[in-house]
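Colleague: I am new to this one and would like to learn how to read it. Please take me through it feature by feature.

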Amino acid sequence: MGKLKIASYWAAACGGCDVAILDIHEKIVDVANIADIVFWPVATDFKEKDVEGYPDGYIDVTLFHGAIRNSENEHYAQLLRRKSKVLVAFGSCSMMGGIPGLANFKSRDGILSRVYLESPSTQNREGVLPQTRVEVPEGELELPYFYEDVKTLADVVDVDYFMPGCPPAPHQIWAVLQVIASGNLPPKGAVVGASDKSLCDECPRVKTEKKVKKFYRPHEIIPDPEKCLLEQGIVCMGPVTRGGCGAQCTRANMPCRGCYGPLDGVVDQGAKFVSTLASIVDADTPEEAEEIIGKIVDPAGTFYRFGLPGSLLRRARNA
Ligand code: SF4
Ligand code: SF4
């Protein structure tokens with residue numbers, strides 16, 4: 001078998017997924033032995049017209065990072081889908097919407113107004129908002145259209161595999177690249193580079209009975225370094241989150257925020273966590289339960305931190 005042709009593209013994302021690929025360190029040399037990179041804007045000088053010039057299905061595997069926030073993101077998703085045999089939604093943003101997906105708690109108009117008109121550091125006396133066509137002395141520029149909603153990659157194209165993580169853990173990236181190189185691919189639609197058990201399963205903290213009388217934000221308490229954080233009243237999404245990261249956050253005394261997404265069979269990670277909470281709140285009356293739950297700051301932004309666009313909610317209702 002000849003060398004694989006691999007592409008990596010970054011849509012609405014922070015760049016962390018590309019950094020995670022480089023975090024496989026010296027194994028990147030092994031990648032060069034098994035694969036030719038045919039498009040990777042952050043690291044190589046290929047242009048859009050190069051990709052357009054490839055025959056359909058020319059690229060063996062594209063790792064697509066980032067959510068679909070604007071028309072350019074969707075254009076590249078469709079282009080790379082057409083040119084790739086295998087398309088991987090790589091990272092939480094591509095798979096579930098990720099942190100950019102939190103924008104679905106706001107409207108398009110609200111975001112543009114906040115960013116371009118109201119923010120304290122903005123001077124925009126004429127109230128100019130981004131336009132998709134702009135005349136400049138050299139001609140007309142075309143800019144992407146900013147969508148009302150952040151979407152997942154699978155909302156706009158057919159996706160072969162899903163790899164969660166914000167970003168995916170480097171050891172998982174290397175494992176997935178080896179599987180791809182072996183040609184021994186899992187069934188279409190599979191979640192790759194992750195566990196099928198919950199994060200609690202790989203978290204080394206001691207678990208006993210979960211009964212919570214009071215919730216704290218991480219800065220309000222110095223947690224016992226050995227005990228389950230959720231049992232200490234720190235909201236930890238571990239019970240409803242797919243493992244595979246090695247419990248990086250809980251090992252560093254921080255609660256899991258759910259970036260590896262829901263477990264198999266769970267449609268809505270946030271809703272699942274609400275039912276987890278209902279089973280651990282130690283209240284004798286509805287009023288006490290309300291008081292305990294009321295201590296959780298920003299519940300929607302916490303329970304749907306990485307997956308609002310991919311959830312059943314998808315977005316907040318526009319006023
Ligand atoms: S700290 Fe979080 S991930 Fe670890 S056992 Fe407790 S709930 Fe699960
Ligand atoms: S502990 Fe949770 S938030 Fe942290 S990397 Fe793992 S899955 Fe993501």
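Colleague: Where does alanine 11 lie?

Modeller: Helices (H or I, at least four residues) and strands (E, at least two) are DSSP runs, numbered from the N terminus. Alanine 11 sits in the loop between β1 and α1 (16-22). This is a predicted model, in which local features need pLDDT of at least 70, side-chain atom pairs count only at pLDDT 80 or more, and totals for chains, interfaces and linings use all residues. Residues are numbered from 1 along each chain as its sequence is written, while chains are lettered from A and ligands numbered from 1 in the order in which they are written.

Colleague: Is alanine 11 buried or exposed?

Modeller: A residue is buried if 20 or more other C-beta atoms lie within 10 Å of its own, exposed if 12 or fewer, and partly exposed in between, with C-beta atoms placed from the backbone. Alanine 11 has 22 other C-beta atoms within 10 Å, so it is buried.

Colleague: Which residues does alanine 11 touch, leaving out those up to four places away in sequence?

Modeller: Two residues are in contact if their C-beta atoms, placed from the backbone, lie within 7 Å. For alanine 11 the partners are Phe64, His65, Gly66, Ala67, Ile68, Asn73, Tyr76 and Ala77.

Colleague: What is the largest nonpolar core made of?

Modeller: A nonpolar core is a set of buried Ala, Val, Leu, Ile, Met, Phe, Trp, Tyr and Cys residues joined through C-beta atoms within 7 Å. The largest one here has 70 residues, and Tyr9, Ala11, Phe64, Val88, Ala89 and Met163 have the most contacts inside it. Strand β1 (residues 4-10) gives the most to this core, five residues. Domain 1 (4-99 + 149-182) and domain 3 (199-303) both contribute residues, so the core lies between them.

Colleague: What are the domains?

Modeller: Domain bounds come from an automatic or database domain assignment. Besides domain 1 and domain 3, the assignment gives domain 2 (108-147). The C-alpha centres of domain 2 and domain 3 are 40 Å apart.

Colleague: How many helices and strands are there in the protein chain?

Modeller: The protein chain has 13 helices and nine strands. Its radius of gyration (taken over C-alpha atoms) is 22 Å, close to the 20 Å that the globule rule gives for 319 residues, so the chain is as compact as a globular protein of that length. That rule is 2.2 Å times the number of residues to the power 0.38. Buried residues make up 38% of the 319.

Colleague: Which residues come nearest to ligand 1 and ligand 2?

Modeller: A residue is near a molecule if its C-beta atom, placed from the backbone, lies within 6 Å of it. Around ligand 1 there are 13 residues, of which Cys200, Cys203, Cys228, Cys236 and Gly238 come nearest. Ligand 2 also has 13 residues around it, with Cys245, Cys249, Cys256, Cys259 and Tyr260 nearest. Helix α10 (residues 248-251) supplies the largest share of the ligand 2 shell, three residues.

Colleague: Which residues does a cis peptide bond join?

Modeller: Cysteine 166 and proline 167, with omega about -5°. Proline 167 is in the loop between β9 (161-163) and α8 (170-182).

Colleague: What is phi of histidine 25 and of arginine 314?

Modeller: Histidine 25 is not a glycine, yet its phi is positive, about 55°. Histidine 25 counts as exposed, with 9 C-beta neighbours inside 10 Å. Arginine 314 has a phi near 65°, and with 17 such neighbours arginine 314 counts as partly exposed.
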